[in-house]
Amino acid sequence: MTRQPARIALHSPFMRGTRRRLLLSGATALAIAALVAAPQQAKAQLSPTQSFQGTGTVVSGGASIAQSGTVDTVRVTTGEAVINWRPNDTTGTGSINFLPSGRRVQFLGDTDFTVFNRIIPVNAAGTPVSRLIELNGQIDSFVLGQQGGSVWFYSPGGILVGGTGVFNVGSLVLSTRDIDTTGGLFGSGGEIRFGGSAFTTPGTITLANGAQINADVSALPGSSYVALVAPRIEQRGTIAVNGAAALVAAETVDIRVNAGLFDIFVTTGSDDANGIVHTGSTGGPTDSSIDFESRAYLVAIPKTQAMTMLLSGTIGFQTA
């Protein structure tokens, strides 16, 4: 296999306040490797009758939640649905093992769907708190028995996909910035609107070594997408997408998905010194048909400070 040539852009801190449209092509990037200490492990008692260690409430759209043993089933009955999840652990201060290793959650639909999962940790008084959410088990999504559907997750204190974490979905969003759902999950131009947060300093999106994200719409190859959005992103696992992948380090951003590709508009950058730390593998099969073309987007926009992305590992798509 060969890799496509690299084209990576680092953006000036003096671009603050402007609205930018960024189109970057997928590529192999080599730079400085960075290793970051693992977060504190969660120690709370796990429920034996739940995979997601929390209670879900459907706040818009149609969905049903069945939690039983080691497999939870979320059946989505409308094109869009929003579910708010409240973790069971309300007393600790470390990370929350929201999906333990060995547990599985499946999202099912009879037609294509997008389901947005908000995971908001709270304390015993019900006040939102900034705690890291760990996803160490397996999450699948299917449309009529075939891999498909779009599954989104937001949690303000950060999301860690652990070394045993696996996603087999149509498309995936992980974010520490809340998504505006006014008028639906997408804006008037078809964009996903990231920006809100329960805290002034939102957490990091981390894929640990061994974490796997497999995104592929079986019925429409090349149309899948993976988007990670946070002020800091650490990608040490594997992202395999039959479509496009975007790692976006920013606080306020609109992302429009168009035939599996992205238009990315950043209005507020990140205060992080790196924005993106990449030591894993991001890519997948190449689809250069008339309708689709595989691409990887690595976008890190500083506010006013200097910023240096740390890129190593493998970034790019296979060629025939």
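What is the volume of the largest pocket? In this predicted model, the largest pocket has a volume of about 340 Å³. Its lining comprises 21 residues, and those closest to the centre of the pocket are D112, G149, S150, V217 and S223. Two elements, β9 (146–147) and β22 (252–258), are those that give two or more residues to this lining. In terms of composition, the lining of the largest pocket divides into 12 polar, 8 nonpolar and 1 charged residue.

I turn now to the aromatic residues. How many aromatic pairs does a search of the whole structure find? The search finds 10, and I shall present two of them.

The pair of W85 and F98 is edge-to-face, with 6.2 Å from centre to centre and 80° between the planes. W85 belongs to strand β3 (residues 71–87) and F98 to strand β4 (residues 96–99), so this pair ties together parts that are 13 residues apart in sequence. Both W85 and F98 are buried.

Next come Y225 and F262, which form an edge-to-face pair at 6.0 Å centre to centre, with 80° between the planes. Here Y225 lies in strand β18 (residues 224–230) and F262 in strand β23 (residues 261–268); the pair therefore ties together parts that are 37 residues apart in sequence. Y225 is buried, as is F262.

To close, I return to the pocket: D112, G149, S150, V217 and S223 are the lining residues closest to its centre, and 12 residues of the lining are polar.

How values were computed
Residues are numbered from 1 along each chain as its sequence is written. This is a predicted model: local features need pLDDT of at least 70, side-chain atom pairs count only at pLDDT 80 or more; totals for chains, interfaces and linings use all residues. Side-chain values use heavy atoms; hydrogens and water are left out. On a 1 Å grid over the protein atoms alone, a cavity is a set of points where a 1.4 Å probe fits but cannot get out, and a pocket is an open set with protein on both sides within 12 Å along at least five of seven lines; lining residues have an atom within 4 Å of a point. Grid points are joined across faces, edges and corners, and a volume is the space filled by probe spheres set on the points. Helices (H or I, at least four residues) and strands (E, at least two) are DSSP runs, numbered from the N terminus. Ala, Val, Leu, Ile, Met, Phe, Trp, Tyr, Cys and Pro count as nonpolar, Asp, Glu, Lys and Arg as charged, and the others, Gly among them, as polar. Rings of Phe, Tyr and Trp (its six-membered ring) pair if their centres lie within 6.5 Å; planes under 30 degrees apart count as stacked, over 60 as edge-to-face and the rest as tilted. Buried means under 20% relative accessible area, exposed over 50%, partly exposed in between (1.4 Å probe, protein chains only).
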